[in-house]
Amino acid sequence: MIRNAISTRPVRAWLLSSVVALGLSSPLALPTAAQAAEAAAATRPKLDGVWRNRGGRPLGDDMTAKSIPFQPWSRALFDKSLADNAAGTPYNANRERCLPQGVDIMFVRYNTQLIETPKIIYILSEWGNEVRRVFMDQTPPKTFKPSWNGHSYGRWEGSTLVIDTYGFNARTNITTDILPPGRTNLTHTDKLHLTERLTWSADGKSFRNELTFDDPGAFTKPWTNVQNYDLQTPDTKIFEFVCADSPLDLNG
Amino acid sequence: MMREFGRCSALMLLSVAALAAGAPARAADSPPDLSGVWWLDGGAKPALQGLAAARQKLSAQGRARFVETKAEKASIDAKVKDLTDVRKCVPPGVTRLWGLPFPFEIVAKPDVTVLLFEHTHSLRFAYMNQPRVDPEQAVSLNRLGSSVGRWEGDTLVIETTAFSNLGFLDEEGLPQGEKLETVERIRPIGPNKLSISIEVKDPEFYSEPWTLNVTATRRPGSTIEEYVCGYGVLETRYTK
């Protein structure tokens, strides 16, 4: 019997390491966290596209907002705006003054483009070409620098997109559209914590936004409003909107 | 014989390890990752230097127009010192947007690439793999034109047409007209570095095309801040 001059040890060593290396990159390997995340993402609705608020009165037939749990001071502001409308001198909304709309951006009946990226969901508004950034990979800090649009943090709960927004300043309205035409002053304070729960229809062509307003500075308890949005045709584009080029009534 | 075998096995090990370590590599035809917040190197300076040089390229008609637009711009600049003047919210010209000490984002998706500028929260949408917009057919002529985009390897190419004659290409009032066309080339030149060039062609006002070249650096941890410029308010990262 001729003894094999080549030792079997180095052969076994490289065979073993190649098998291990191949195994790490082979499809037979266990799913990684990234792959599991990808699988979960595949069950979620498709956000990308241009959507439009379906319109209608935000509070339906509740035109004097009896259902909203105002505190007396915020109720008084709202009632004054109704009176101003009736008198023909409507309240001047931020959106007509080229100022950020804050929450009101979700009520405006113009096109809105949603763009989903791994870390940020962008909500781009045609009116004012305003931008909301929803951070999907961060936990909110304890304190915020107050801002007009607040600071938004999102997460998925199954196929519901939940967005928590904190750190609003007190210079925007919840909405000014309770009783269109004219403008109403449905105000909030810098204590507002807004929670939005967005759910999509089975055909993916519409979504429902359940907005919950938790503001102990302006209301006696949290309250909820629902807005609906419809997907626009694929060739719909967000137009350039230069506020200063629009005819606006800027008399203070 | 043993030595040769040793070399062979080492090579085998290396190539298998390389395969394993290399996966998952960026697929050959997927674009580079331009996400994050970018700042122009040198702030406004490099673009403004290029724009100053562009004045040499004004045609006779351009020079005449520049006299008008210079006066117009100076008048607006004086008036917007009054905070109630909402023209401070007007987006700067497409070239001037590459010459500002304010950051920007590039959000690139298969159908559209969006450029989001912190300054005046200006937005530009480049619809991917679409034909250039014909100004005669355009729904509207925009201050920032209408853009289409495509990838050429690692380079994002954005072609913009259908500009309005409102607005100015620089801070002094360099004119822009309805014949303006621009081509931007944006490509990574390092892990957090972009090269951005914008070629400007406007046969009405400039006797030949001219190009600005700038670079930008991605700053992890940086965020785009609000730029509030409406009636009675100017709040930016530099005013707060």
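Visitor: Which residues of chain A form one aromatic cluster?

Guide: Phe70(A), Phe78(A), Phe213(A), Phe219(A) and Trp223(A) do. Please keep in mind that this is a predicted model, in which local features need pLDDT of at least 70, side-chain atom pairs count only at pLDDT 80 or more, and totals for chains, interfaces and linings use all residues. Residues are numbered from 1 along each chain as its sequence is written, chains are lettered from A and ligands numbered from 1 in the order written, and side-chain values use heavy atoms, leaving out hydrogens and water.

Visitor: What makes Trp51(A) and Trp200(A) an aromatic pair, and of which kind?

Guide: Rings of Phe, Tyr and Trp (for Trp, the six-membered ring) pair if their centres lie within 6.5 Å; planes under 30 degrees apart count as stacked, over 60 as edge-to-face, and the rest as tilted. Here the centres are 6.2 Å apart and the planes make 80°, so the pair qualifies and is edge-to-face. A search over all chains finds 20 aromatic pairs. This pair joins distant parts of the chain, with Trp51(A) in strand E1 (residues 49-53) and Trp200(A) in strand E9 (residues 193-200), 149 residues apart.

Visitor: How do you know whether Trp51(A) is buried or exposed?

Guide: Buried means under 20% relative accessible area, exposed over 50%, and partly exposed in between, with a 1.4 Å probe and protein chains only. Trp51(A) has 1%, so it is buried.

Visitor: How do you know that the length of H3(A) agrees with that of a helix?

Guide: The expected span is 1.5 Å times one less than the number of residues. For the 15 residues of H3(A), residues 72-86, that gives 21 Å, and the end C-alpha atoms are 21 Å apart, so the two agree. Helices (H or I, at least four residues) and strands (E, at least two) are DSSP runs, numbered from the N terminus.

Visitor: Which residues of H3(A) are buried, and why are they said to share a side?

Guide: Ser74(A), Phe78(A), Ser81(A), Leu82(A), Asp84(A) and Asn85(A) are buried. They cover an arc of only 165° around the axis, which puts them on the same side of H3(A); the arc is that of the directions from the helix axis to the C-beta atoms. Pro72(A) and Ala86(A), on the other side, are exposed. The buried residues of H3(A) pack against strand E8 (186-187) of chain A, and just after the helix Gly88(A) takes a positive phi of about 85°.

Visitor: What makes a nonpolar core?

Guide: A nonpolar core is a set of buried Ala, Val, Leu, Ile, Met, Phe, Trp, Tyr and Cys residues joined through side-chain atoms within 4.5 Å. In the largest, of 40 residues, Trp98(B), Phe104(B) and Ile196(B) touch the most other members. Apart from it lies another core, of 35 residues, among them Leu161(A), Phe168(A), Ile174(A) and Phe207(A).

Visitor: Why does Arg219(B) count as sitting over the ring of Trp39(B)?

Guide: The rule asks for NZ of Lys or CZ of Arg within 6 Å of the ring centre and within 35 degrees of the ring normal. The charged end of Arg219(B) is 4.3 Å from the centre of the Trp39(B) ring. Lys70(B) likewise lies over the face of Phe66(B), at 4.8 Å from the ring centre.

Visitor: How do you know whether Glu118(B) is buried or exposed?

Guide: At 1% relative accessibility, Glu118(B) counts as buried. Glu118(B) lies in the loop between E3 and E4 of chain B. Beyond residues up to four places away in sequence, its contacts (heavy atoms within 4.5 Å) include Phe102(B), Tyr227(B) and Arg237(B).

Visitor: And where is Cys243(A) found?

Guide: Cys243(A) is in the segment after strand E11 (223-231) of chain A. With a relative accessible area of 9%, Cys243(A) is buried. Between Cys243(A) and Arg97(A), 146 residues apart in sequence, the C-alpha distance is 8.1 Å.
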